[in-house]
Amino acid sequence: MPEYTYHPDLMRYAHMRSTLSPWFVRLSQPPMKLLYAVQRSGGAVRVSRVSVPRPGGRMRMLLFAPAECEGRTPCLYFLHGGGFVFSAAPHHFALARELSRALGVRVALPDYRLAPRHIFPAAHEDALAGYRWLLANAEALRIDPGRIAAAGDSAGGNLAAALCLMARREGLPMPCAQMLLYPVLDARMNTESCRQFTDTPMCSSRDMEKYYAMYAPGLSAAPREWLSPAESASLRGLPAAYIETAEFDCLRDEGAQYAARLADEGVPCEYHPIKNAMHGYDIAVNSEFLKPVTAYRIAFLRGVFTER
């Protein structure tokens, strides 16, 4: 196995790999979903729970808000990663709290449907349903509907990027920005980093093949660009973007290429290639490694939220 020069704060995760058989995934989902139920207010952030209509039923959504804030604020609509098969992990809740506190905004975290039980486009439909609900209920939620940014990590980055494409297609108000953290963007998996990183921790190209096999096992009537935003015929008219990629990540090149294409098509894009990192480095909560990365994100979001 090749040696990768990870930051010291990330070395403890250098051998983390998931068992991705469908039976293991199904067994792991119920206990992970309990994390939604145990989130409590604290640390200058209030946590509330809402039930949101989605196709064929309802889904949970957590709302994080600064404890001292009573007025209307921007909102970060955060779609968690997990390969379309895993629920939100502890670091997702930690990031939601930190961004809410640091920016003084509300953060919405939906509990969308997961594969292999719910295949494409279920997660995408839920992402869109949650966004529609935020727009429709903005006044009651004390959210500025013109300042809702879409964000997500990994598979959640795919959902955030696709949400912008879906909003354009549906004629909905566009999110004011998209923040994509080591995102899944190209289901063709034909980049050099996909060919190179077959054995990396947290997520490798072999893992991505399994994730796609569970979430998108066959043909679908849904637009291909939802699953694979990089295959969209045009990215023009999409909101300003912030994209991070990890140096040792099979998804690195598709993120870099998407950032370059956005810029080429007239979309402002801030691109941050993160050195000495593997996929999913947000797992290193409160590390020195994450401090400057979090500062980049906060600066971008503060800029797009205040310029409106």
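User: Where is Phe24 placed?

Analyst: Phe24 is in helix 1, residues 22-37. Helices here are DSSP runs of H or I with at least four residues, strands are runs of E with at least two, and both are numbered from the N terminus. This is a predicted model, in which local features need pLDDT of at least 70, side-chain atom pairs count only at pLDDT 80 or more, and totals for chains, interfaces and linings use all residues. Residues are numbered from 1 along each chain as its sequence is written, and side-chain values use heavy atoms, with hydrogens and water left out.

User: Why is Phe24 called partly exposed?

Analyst: Its relative accessible area is 30%. Buried means under 20%, exposed means over 50%, and partly exposed is in between, with a 1.4 Å probe and protein chains only. Phe24 is therefore partly exposed.

User: Why is Pro223 called buried?

Analyst: Pro223 has 17% relative accessibility, so it counts as buried. Pro223 sits in the loop between helix 7 and helix 8 (224-227).

User: What makes Glu231 and Arg224 a salt bridge?

Analyst: A salt bridge is a side-chain nitrogen of Lys or Arg within 4 Å of a carboxyl oxygen of Asp or Glu. The closest N and O atoms of Glu231 and Arg224 are 2.9 Å apart, and the pair forms a salt bridge. Glu231 is partly exposed, with a relative accessible area of 30%, and Arg224 is also partly exposed, with 43%.

User: Which parts does the pair Arg297 and Glu244 tie together?

Analyst: The side chains of Arg297 and Glu244 meet in a salt bridge of 2.8 Å, N to O. Arg297 lies in helix 10 and Glu244 in strand 7 (residues 241-248), so the pair ties together parts that are 53 residues apart in sequence. Arg297 has a relative accessible area of 0%, so it is buried. Glu244 is buried as well, with a relative accessible area of 0%.

User: How many salt bridges does a search of the whole structure find?

Analyst: The search finds 17 salt bridges. Lys33, Arg60 and Asp111 are linked in a network of them.

User: How much space lies in the largest pocket?

Analyst: The largest pocket holds about 520 Å³ of space. It is lined by 27 residues, and the closest to its centre are Ser18, Gly82, Phe86, Met202 and Tyr211. On a 1 Å grid over the protein atoms alone, a pocket is an open set of points with protein on both sides within 12 Å along at least five of seven lines, and lining residues have an atom within 4 Å of a point. Helix 1, helix 2 (90-103) and helix 7 (205-215) each supply at least two residues of this lining.

User: What lines the second largest pocket?

Analyst: Among its lining residues are His91, Glu98, Asp282, Lys291 and Arg297. Helix 2 and helix 10 (290-306) are the elements that give two or more residues to this lining. The second largest pocket holds about 250 Å³ of space.

How values were computed. On a 1 Å grid over the protein atoms alone, a cavity is a set of points where a 1.4 Å probe fits but cannot get out, and a pocket is an open set with protein on both sides within 12 Å along at least five of seven lines; lining residues have an atom within 4 Å of a point. Grid points are joined across faces, edges and corners, and a volume is the space filled by probe spheres set on the points.
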